[in-house]
Amino acid sequence: MNAHSGDSASLTRRDFLSASGLALGSVGLLATTGALAAEKPQKPQSAKLKIAKNNVVLFQGDSITDAGRSREKAGVANDQAGLGGGYAGMAAVGLLLDHPDYNLKVYNRGISGNKVFQLADRWAEDCVKLQPNVVSILIGVNDFWHTLNGGYKGTIETYEKDYRALIERTLTELPGVSLAICEPFVLRCGAVNDRWFPEFDKYRKVARTLAEEYRARFVAFQLMFDRAVKYAPAEYWAKDGVHPTAAGSALMSHTWLNVVLSKRG
């Protein structure tokens, strides 16, 4: 369906965002409302995610999170240049707009090209030192993509092992921290071809599984884009299949805020 076709069945922008937000919000809460919630925790667990006064919120990841952020402004909370031009910066603006009296401090420390082990290498400086209350992580596309050109030898087992270790380290070194684990995603266009599948889907599954295990909020970005391509072609959301356009980033921001700010779960 093309939202610009004039068809009476087409969704308006408000309808589309409302429908996708509600549906994805429910999906995103599976990690805190599923069967695991009834079990006695056997490992460190993410605190229930609730944005509160004086919180420090940190976005972490690769180029999708980085989005051209200023390194010179990285240490300045809430700085527009330091937050970058992607979904993280847009979501940060949404948080600050919705909570002007909360004295929030929001940072973006995504770095283009990063894989999980590279997040771990800089975690002391770019996460723990900031003492965040909320940490949102989007990582995984490079852990697979960089294996296609022979430049990286990691496997799905490497990704899962490294990611689990990073999560447990975070929960141990930052007691009471809340995690949002974002689903790695791609769209079938640009650099994304049949070579990606079905292997890349395993990385998505790992992210969801870890969110469930550690009771983190799960932000289902792949499901979001799978639904979005019914209303506009893949290139509209991410021209190269990996890096979102302005429209793609705005949709990610909307979905992230819907999941993270939900009072359910």
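Asn54 sits in the loop between helix 2 (30–33) and strand 1 (56–61); helices (H or I, at least four residues) and strands (E, at least two) are DSSP runs, numbered from the N terminus. This is a predicted model, in which local features need pLDDT of at least 70 and side-chain atom pairs count only at pLDDT 80 or more, while totals for chains, interfaces and linings use all residues. Residues are numbered from 1 along each chain as its sequence is written, and side-chain values use heavy atoms, with hydrogens and water left out.

If we set aside residues up to four places away in sequence, Asn54 touches Tyr102, Asn103 and Asn133, where contact means heavy atoms within 4.5 Å. The C-alpha atoms of Asn54 and Lys105 are separated by 7.2 Å, with the two residues 51 apart along the chain.

## The protein as a whole

The secondary structure comes to 13 helices and five strands. Of the 265 residues in the protein, 51% are buried; buried means under 20% relative accessible area, exposed over 50%, and partly exposed in between (1.4 Å probe, protein chains only).

Among contacts with a separation of 6 or more, 79% come from residues 24 or more positions apart.

## Two loop residues with positive phi

Asn103, one of the residues touched by Asn54, belongs to the loop between helix 5 (87–98) and strand 2 (105–108). Its phi is near 55°, a positive value in a residue other than glycine.

You can find Arg215 in the loop between helix 10 and strand 5 (217–219). Arg215 is buried, with a relative accessible area of 19%.

## A cis peptide bond

Where does Pro198 lie? Its place is in the loop between strand 4 (178–182) and helix 10 (199–213). The peptide bond from Phe197 to Pro198 is cis, with omega near 5°.

## Gln222 in helix 11

Helix 11 (residues 221–228) holds Gln222, which is buried, with a relative accessible area of 5%. Leaving aside neighbours within four places in sequence, Gln222 is in contact with Glu183, Pro184, Phe185, Val186, Phe200 and Arg204.

The twelve residues of helix 5 should span 16 Å at 1.5 Å a residue, and the end C-alpha atoms are 16 Å apart, which agrees. The expected span of a helix is 1.5 Å times one less than its number of residues. Buried in helix 5 are Tyr87, Ala88, Gly89, Ala91, Ala92, Gly94 and Leu95.

Helix 13 (residues 246–261) has 16 residues that should span 22 Å, and its end C-alpha atoms are 22 Å apart, in agreement. Its buried residues include Gly248, Leu251, Met252, Thr255, Trp256 and Val259. An α-helix has 3.6 residues a turn, so residues three or four places apart point the same way.

## The second largest pocket

Lys48, Leu49, Lys50, Ile51, His99, Tyr102, Val260, Leu261, Ser262 and Lys263 line the second largest pocket. On a 1 Å grid over the protein atoms alone, a pocket is an open set of points where a 1.4 Å probe fits, with protein on both sides within 12 Å along at least five of seven lines; lining residues have an atom within 4 Å of a point. Tyr102, part of this lining, is also touched by Asn54.
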